[in-house]
Every structure is written in structure tokens, then in C-alpha cells.
Amino acid sequence: MKWFISHDTLRSLFQETLEKDCGEKVSHCYQCGKCSAGCPISFQMDYLPNQIMRMVQLGMEDQVLSSRTIWLCASCLTCTVRCPREIDIAEIMDYLRRRAYKKQVIPLEETEIPLFNKIFLRNIELFGRLYEMGLIGMFNLLSGEFFKDFSCAPKMFLKRKIGIFPHRAKNIREIRDIFKRSGKLAHSKKDRLLHPKLLFLNLFRKFIGKIEKLK
Amino acid sequence: MKIGVFVCHCGTNIAATVDVERVSQEAAKEPRVKFSTTYRYMCSDPGQNLIKEAVKKHHLDRIVIASCSPSLHEKTFRKCAEKAGVNPYLMEMANIREHCSWVHQDRVEATAKAIELIRLALAKVSRNKPLEYLYIPIEKKVLIIGGGIAGIQSAIDIAFANYPAVILEREPSIGGRMARFDKTFPTLDCAACILTPKMVTVSQSKHVTMHTYSEIEGVKGHVGDFTVTIRKKARSVDINKCTGCGACYNKCPVRVPSEFDMGLGKRTAIYIPFPQAVPNVPVIDRQNCLWFTKQKCGICKKICPFEAIDYDMQDEIIEEKFGAIIVASGFTQFNHAVYGEYGYGKYKDAITGLHFERMANSSGPTGGKIIRPSDGKEARDVVFIQCVGSRDEQKGLSYCSRLCCMYTAKHALLLKEHNKDAQAYVFYIDIRAAGKNYEEFVKKVQDEYGAVYLRGRVSRIFEKSGKLIVRGADTLSGAQIEIKADLVVLATGLVAQPDAPGLARMLHIPYDRNNLFTEAHPKLAPVETITSGVFLTGACQSPKDIPDTVATASAASVKALGLMVQDRLQREPLVAKVDAKTCSGCFACIQACSFTAIEEEEIEDKRLKKKRLIAKVLEGVCTGCGNCTAVCRMSAIDLEGFSNRQIMEEIEAL
């Protein structure tokens with residue numbers, strides 16, 4: 001890592017906004033590194049969780065929001081449980097994902113993760129429970145990998161792990177009500193699964209990848 | 001001569017490796033040995049009773065105890081011998097534990113060695129002479145060098161025990177560094193509010209005498225009897241007549257930078273350093289006073305209603321006797337002139353922690369406003385740089401100054417309290433907040449006062465359009481950082497006073513390569529020195545914060561009082577002795593003695609029928625190190641208890 005941090009970056013209100021919005025004190029972090037030490041996904045991350053905390057402290061918003069780390073975080077909460085300064089790191093990661101989504105600064109390689117999250121939530125909103133077939137189908141369709149994990153389908157079907165028809169929750173109205181209210185709170189654009197530009201780029205990238213494979 | 005040998009098992013410490021029974025039997029065969037036995041723990045009460053009974057029963061007159069190191073139980077067995085009716089110096093110890101059983105595995109060889117060690121002890125004890133304890137008188141007065149918080153606390157403790165104490169202070173007022181501070185970490189008590197009551201206690205105590213504006217000229221003598229020469233610098237104001245009304249310094253026309261305010265404020269030529277000064281008597285700075293420089297003015301003398309001003313006052317040199325000396329000479333700030341990259345002297349807005357302390361003080365030169373000294377504007381972005389001088393082997397000190405982390409955190413907090421819009425940036429290498437509530441304090445400053453802590457040293461400071469550009473790095477994120485600062489505060493380290501080595505030589509106490517005074521033992525004798533009767537307190541020994549300083553001050557006072565309460569001082573008679581007949585008066589011994597325990601003495605030589613000079617050992621000072629006996633070409637000096645004959649006898653027994 002080689003960065004240059006200007007006075008304006010240091011004075012930016014990134015940390016203050018984060019602390020106000022998600023209620024977690026990033027300023028408490030003293031860089032012991034326990035979060036990174038226990039993180040099961042750190043080997044794939046571009047910045048370790050403790051580095052993300054430090055970057056937030058220094059006001060480096062652009063670098064943080066465009067990092068892969070926040071999308072790779074599996075929210076396993078190992079870091080949160082072990083943090084000696086009582087910072088909910090997973091919660092902060094979640095906040096950073098929301099912020100990055102809002103600002104549409106998601107790195108190209110990681111567009112699938114917010115897409116998956118979105119489809120998953122939509123699924124719940126529609127049926128009250130997870131409809132596996134719908135999720136898989138929708139995800140494969142929108143991510144551009146139409147036959148991903150297709151070979152597993154018959155086996156799972158026979159073992160009744162997935163079904164053709166969705167199960168519906170009993171009080172679907174109440175669940176929808178939850179979505180309605182929380183949607184209002186989050187000001188999310190419900191009708192859009194992902195920013196069309198990104199969706200297009202994603203499909204385009206996959207397509208190019210396929211062509212290159214054929215070559 | 002009837003010698004008794006007592007072999008100790010020390011549980012299994014000795015008995016496991018050494019065949020103690022055989023050792024005892026072999027020892028009994030030695031000439032002059034009348035009695036020999038073993039016991040599990042010779043140092044225990046039954047063990048000591050065994051010795052006493054054996055002495056009585058067999059009429060023993062010398063004792064050899066084969067056990068542990070004399071450094072552990074020599075005193076125990078000397079007392080035991082004394083109680084048994086044998087002169088305590090007719091007892092010898094053979095160390096068959098540290099020197100034998102602990103360092104060997106082979107039982108046969110270890111046993112043979114133990115027997116050999118006992119034979120040596122037997123040879124030595126046969127040449128021992130009965131010695132009597134030495135007693136030296138004690139002057140019941142304590143000198144305290146330095147009137148800072150360490151000296152003040154020592155004086156209070158000694159005065160509380162109703163013993164007289166004398167504070168010697170170089171500055172016109174006592175109070176030292178602490179008087180300059182604004183707040184104290186981590187509780188944020190106002191420094192003056194907790195210090196001035198102590199200063200007043202000292203000034204009102206009938207047991208404490210203060211020599212302010214005075215310097216130490218020389219020290220002679222030894223524990224219980226130090227003769228100290230003190231130079232009382234000419235104050236030009238009669239301390240007995242002055243009431244501290246302040247008429248003189250209110251009218252003085254001269255304005256010079258105030259040393260107390262680190263040059264940030266002005267004072268007059270006749271001045272008191274700060275309003276709560278003790279004694280509240282002004283002093284004339286002769287370098288700047290118009291009367292002394294140009295023979296003009298003289299307003300203060302005209303205006304003084306008590307005729308206390310005396311321009312003709314001369315330095316006064318007095319001699320006083322003391323029984324003990326407490327050194328509380330304190331510290332000074334590291335001179336950061338070596339750091340050209342931090343703009344020393346070039347940029348007015350790069351100041352030290354002590355400057356900041358004066359600025360933050362509401363009675364200071366800026367009335368508690370944190371300003372830029374260059375243009376007087378309030379500082380908004382303030383960069384603090386820690387470890388200036390400390391932990392820098394190339395340009396500064398090898399050690400950590402211990403306080404800078406804490407006082408910088410305090411400054412960052414004070415900055416925010418004085419100016420809500422201000423932002424503190426702290427460059428640090430490590431945060432060393434090891435003290436009660438210290439870590440919590442630093443965390444509070446970071447969490448609640450929003451100080452930005454950046455891990456890294458600053459590389460350079462330069463000026464650009466009225467701001468100081470600070471180039472640093474944050475090694476936690478791996479980034480280079482640039483801050484446009486209004487003010488830069490350097491947390492300079494603590495160093496010994498420049499004249500500390502001179503004082504150390506005067507007192508015959510050692511000092512280390514950083515000119516800090518060396519304690520007798522870093523763990524078990526932290527306030528003593530190897531010169532008995534001289535004690536250390538405060539930052540002259542190592543950088544210390546106020547709680548540690550006060551603790552060592554009380555510790556040193558207790559040590560000094562321990563001497564004061566004794567009628568006379570008992571000392572071991574293991575000292576050097578001069579044979580007047582053979583001493584040729586070459587005085588090589590005087591040079592060899594590190595304790596100045598030897599002086600010249602004139603005697604009437606009956607053979608030569610004339611007076612001549614020979615060496616004389618001051619028994620009160622001699623520590624029995626043996627340096628003099630080694631250099632004496634006439635073998636005229638001998639060490640009692642370790643005489644040349646005893647040592648030779650031991651060697652021959654080998």
C-alpha cells in the first residue's frame with residue numbers, strides 16, 4: 001500500500017458520519033489486529049479488517065468504499081466477538097456495504113455479491129421464505145452464468161433440497177409490511193435490483209470472459 | 001583455639017549433592033577442630049540453638065558454618081555467635097551451596113570440594129581477630145538539594161518527624177518544574193492548586209530552612225557528618241525586610257523575556273518568578289537591571305517602603321553540617337536544536353511541551369489561550385510530535401522519557417477544552433501509558449476528545465503560506481501524511497541537568513552515560529546510592545512523573561530519617577587500617593579510594609624524631625572495598641576481616 005493522505009482527507013467527516021449512522025465507535029480501534037488474525041476470509045481480501053478500520057479513522061472514504069474487503073466479509077462475526085475494544089466490525093462492514101451500494105462504487109469483481117443479496121431479499125419479500133429455485137435461477141440469469149452449478153440440480157432435487165414450487169410463509173402480509181417500512185427507512189430503490197449500468201457491465205464482462213475462454 | 005564446624009543440609013539444597021555427614025566427619029579430623037555436626041536448617045531457631053549449646057558445652061571460641069552465601073545469612077550467624085558469647089567476627093562461613101552443591105552434579109567430587117571449602121574457612125578463621133563494631137555520631141539535620149516537588153515532599157516528611165531539613169534551591173523560588181504546569185495527568189488537577197499548599201507548608205514549618213537562589217559549592221565528610229559549602233547568591237533584596245508588597249516590580253521599567261514563562265511572556269528586572277512564589281521576595285536580575293548595567297534608574301530602591309533593596313549585597317558563602325543528603329536536583333528538557341528538520345529557532349510556531357503548558361495555564365502569558373506565537377492568532381490545527389529526543393540513538397537519548405506520551409495526551413485534551421474547534425494530531429511511535437488510570441486517560445483523549453493518533457515519526461516541518469506543513473507517516477495504514485498545522489508542539493524528552501556530573505562528583509555518587517544518578521540497586525535500593533547517607537529522589541535518577549517523584553521523595557526521607565533517629569551509627573568494623581610504622585606517605589591509597597575515605601595525617605615519628613605525613617582511614621566512610629590495600633606498595637594498609645594474613649593462610653590451605 002502506498003498512499004498519500006492530505007490534510008483535507010484527515011479532516012473529512014467520514015468517521016464521524018459512520019459513527020453517527022451505525023453507532024459503532026471506529027475511533028476506539030487501537031490496531032491490535034485481532035480481527036484480521038481471526039478472519040476466515042482475510043486471505044482473499046485486499047485490505048485486512050484492521051486496515052479498513054484504520055482507513056476509516058484517517059477519512060479515506062474512496063479507498064474504503066471501493067475495496068473488495070467489505071463485500072467479501074461473510075459477517076461470521078468472529079471479529080466482533082473477539083474485538084477487545086467492543087467494536088462491532090461486521091456491523092461496520094455492513095454499513096460500508098450499504099454506503100458503497102448507495103454511492104454505486106462497487107468494484108466490478110464484486111458486483112455479484114450485492115446482486116445476490118438483493119435477489120435474496122426480494123425472494124423473502126415475495127414468499128416470506130427462501131425460494132431456492134427462484135434464487136438460483138434469478139441469480140444465474142442476472143449474473144450471466146446461466147448454467148452455474150447446474151449439474152448439482154438433479155441430485156439436490158432428488159434429495160428434496162430444492163423444490164419446484166415456492167413455500168409460502170403464513171403471514172406473508174406482515175413480512176411485506178416489514179419490508180415496506182424498512183425500505184422507507186433505508187430509502188432504497190425497491191424496483192431496481194442493481195444499477196442498470198453495473199448490471200450491464202457485469203454481463204458484458206462475463207460475456208467477454210466466455211469469448212476469451214472459447215479462444 | 002577451639003573451632004566448631006556446623007554443616008547445614010539446607011533441606012536438600014546441599015544434602016542432595018554433598019554428603020554432609022562425611023563432610024562433618026572429615027572436618028572433625030582437621031587440627032584445632034573440637035566439634036563438628038550437621039543440621040537440616042542451621043539458620044532456623046533450633047539450628048542456632050544447636051550452635052549456642054555446642055559453644056557452651058565444648059567451650060568453642062571460633063565458629064565455621066558451612067552453608068549458603070554470606071550475603072544471605074552472615075548477619076544471622078554473626079548475631080548467633082554474639083549471643084553464644086563468641087566475638088561475631090570470629091565466625092566464618094564456607095559457602096557450600098552457591099559455590100558447590102548448586103553448581104555441581106557429581107556427589108563424590110562435590111563432597112570433596114565442600115571439605116576443601118571448609119578447610120579454607122578453617123584456615124581463615126584461625127587468623128581472625130576479634131573486632132568491635134564502629135560507632136559514628138550523626139548530625140541531626142538533612143540537606144535537600146533541589147526545591148521542586150521532590151525536595152518539597154522530602155522536606156515535609158522530614159519536618160513531620162520533627163527533624164530539621166534544609167532546602168537548597170538554585171532559583172529564586174521553590175516549586176521547580178511542577179509550578180509551571182497547568183494541569184496534571186490523569187486526574188487533571190490544577191498543578192498549582194496541589195503544589196502551592198505544599199510550598200506554603202514548607203515555608204511555614206519551623207523545621208524547614210530554605211536557601212533559595214543558592215548553589216552548592218562543595219561537600220566534605222561522610223554519612224552522619226557532611227560539611228556542605230553553600231553559596232547564597234546576592235538577591236539584592238533583604239529577605240528579612242521585604243514584605244512582598246510588590247511595589248518594586250510594579251514600577252520597574254525594564255522588560256525582558258520571562259524564563260518562567262519559557263520566553264512567551266515578559267518580566268521586569270526586579271521580579272518574582274510567579275505570583276505564588278515562596279519565598280515571596282523579589283530578586284534583581286543584575287544582567288538586565290539598569291542600575292547594574294548603566295548606573296541609572298534606582299526606582300525600586302526609592303519606592304521600597306521597607307528599605308529592603310540593597311544594591312551592594314554580595315554573594316554569601318556559608319558552611320553547614322548535615323547528617324544526610326537527599327538529592328532532588330530534577331531534570332531539564334532535551335534541547336531539540338539537533339533536529340534541524342523540526343525547525344528549531346526557525347519557526348516560532350514550533351514550540352515545546354513546556355511552552356504549551358505555560359500557554360494553557362490561565363495565569364500564563366496568554367491567559368490560557370492556545371495561540372500561534374508568531375502572529376497571536378488562535379491555533380486550530382495543532383500537531384503534537386512525541387519522542388523528540390527520546391528513543392533516538394542517533395541524535396538524542398537511548399531511553400524512553402516515560403512522561404511524554406502522557407503529557408502529550410493531556411495537551412491534546414487541554415487544547416480541545418480551550419478551543420472547541422481545535423483539532424489535535426498526535427504523531428507517536430508507541431503509546432506508553434503504564435500507570436494507574438493512564439491507559440484510560442489516553443483512550444479518553446482519543447475517544448472523547450477526538451485527538452487523531454498517527455503512528456509514525458515526523459520527517460520534516462516547513463513553512464508554507466503562514467502554516468506549518470508537517471510531513472509524517474502513518475505506519476498503521478502505510479500512508480504518507482501531510483498536515484497544515486497552525487502550531488507544532490514537540491514532546492521533548494527529559495534529560496539530566498547539565499551540571500549533574502559536577503554535583504555527582506561533589507557527592508561521590510556514580511552517574512550513568514546519560515548523566516542520570518545511579519541508585520545503589522535498581523530494584524532493592526532504588527533511592528539509596530553507594531555512598532551511605534546520600535539518597536536520590538525524583539527525575540535526577542531517571543525520568544519520573546509526579547506520583548513516582550513524590551513516592552521516591554517520601555522513600556528517601558524515610559531512609560534519611562532512619563539515620564536521624566539513631567543516637568549513633570553502628571557500622572561493620574570491616575574497614576582498612578593503616579600501620580603508622582610502615583606507611584611511607586606516598587598516598588597512592590588516596591587516589592585509589594573511590595569514597596575519599598582516606599586523608600593525610602601528621603604524626604610525630606619517634607624513630608626519625610620529626611613530624612611526617614601518613615595516611616589515615618576515616619572509619620565512618622570506608623566501605624571495606626580493599627582498593628587501598630591492593631595499591632599500597634608498603635603493605636601498610638590492611639583490611640580488617642580480610643587481612644593479608646587471613647587471605648594468605650586461606651591460599652596456603654588449598
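Visitor: Among contacts in chain A between residues at least 6 apart in sequence, what percentage join residues at least 24 apart?

Guide: Such a percentage describes how far along the chain the contacting residues lie from one another. The model is predicted, and in chain A 67% of the contacts between residues at least 6 apart in sequence join residues at least 24 apart.

Visitor: How many helices and strands does chain A have?

Guide: One counts the elements and then reads their order. Chain A has 13 helices and 1 strand. As to burial, 24% of the 215 residues of chain A count as buried.

Visitor: In which sense do strand β1 of chain A and β26(B) pair, parallel or antiparallel?

Guide: For paired strands, one reads the sense and the bridges. Strand β1 (residues 3-5) of chain A pairs with β26(B) in the parallel sense, over 3 bridges. One of the residues concerned is Ile5(A), whose bridge partner in β26(B) is Ile481(B).

Visitor: In what order do the 4 strands of the open sheet stand?

Guide: A sheet is read from strand to strand. The order of this open sheet is β1(A)-β26(B)-β25(B)-β24(B), and its pairing is mixed. The edges are β1 of chain A and β24 (460-464) of chain B; each has a single partner strand, so one side of each is left without a neighbour in the sheet. From one strand to the next, the twist averages 20°.

Visitor: At what angle do helix α6 and helix α15 of chain B pack?

Guide: For two helices, one reads the angle, the distance between the axes and the handedness. Helix α6 (residues 149-160) of chain B packs against helix α15 (residues 546-564) of chain B at about 40°, with the axes 8 Å apart. The pair is therefore oblique. The crossing of α6(B) past α15(B) is right-handed. Among the residues that make the contact are Ile149(B) and Gln153(B) of α6(B), and Val550(B) and Ala553(B) of α15(B). The contact of α6(B) with α15(B) has 9 nonpolar, 6 polar and 1 charged residues.

Visitor: Is the crossing of α2(B) and α3(B) left-handed or right-handed?

Guide: The crossing of α2(B) and α3(B) is right-handed. The axes of helix α2 (residues 45-58) and helix α3 (residues 70-84) of chain B come within 9 Å and cross at roughly 35°. Gln48(B), Ile51(B), Lys52(B) and Val55(B) of α2(B) make the contact with Cys80(B), Lys83(B) and Ala84(B) of α3(B). By class, these are 4 nonpolar, 1 polar and 2 charged residues.

Note on methods
Residues are numbered from 1 along each chain as its sequence is written. Chains are lettered from A and ligands numbered from 1 in the order in which they are written. This is a predicted model: local features need pLDDT of at least 70, side-chain atom pairs count only at pLDDT 80 or more; totals for chains, interfaces and linings use all residues. Two strands pair if DSSP finds at least two bridges between them. Axes are lines fitted to C-alpha atoms, for helices over the stretch in contact, and angles run from 0 to 180 degrees between N-to-C directions. Angles under 35 degrees count as roughly parallel, over 145 as roughly antiparallel, 65 to 115 as roughly perpendicular and the rest as oblique. A crossing is left-handed if the near helix is turned anticlockwise from the far one by less than a right angle, and right-handed if clockwise. Two residues are in contact if their C-beta atoms, placed from the backbone, lie within 7 Å. Ala, Val, Leu, Ile, Met, Phe, Trp, Tyr, Cys and Pro count as nonpolar, Asp, Glu, Lys and Arg as charged, and the others, Gly among them, as polar. A residue is buried if 20 or more other C-beta atoms lie within 10 Å of its own, exposed if 12 or fewer, and partly exposed in between; C-beta atoms are placed from the backbone.
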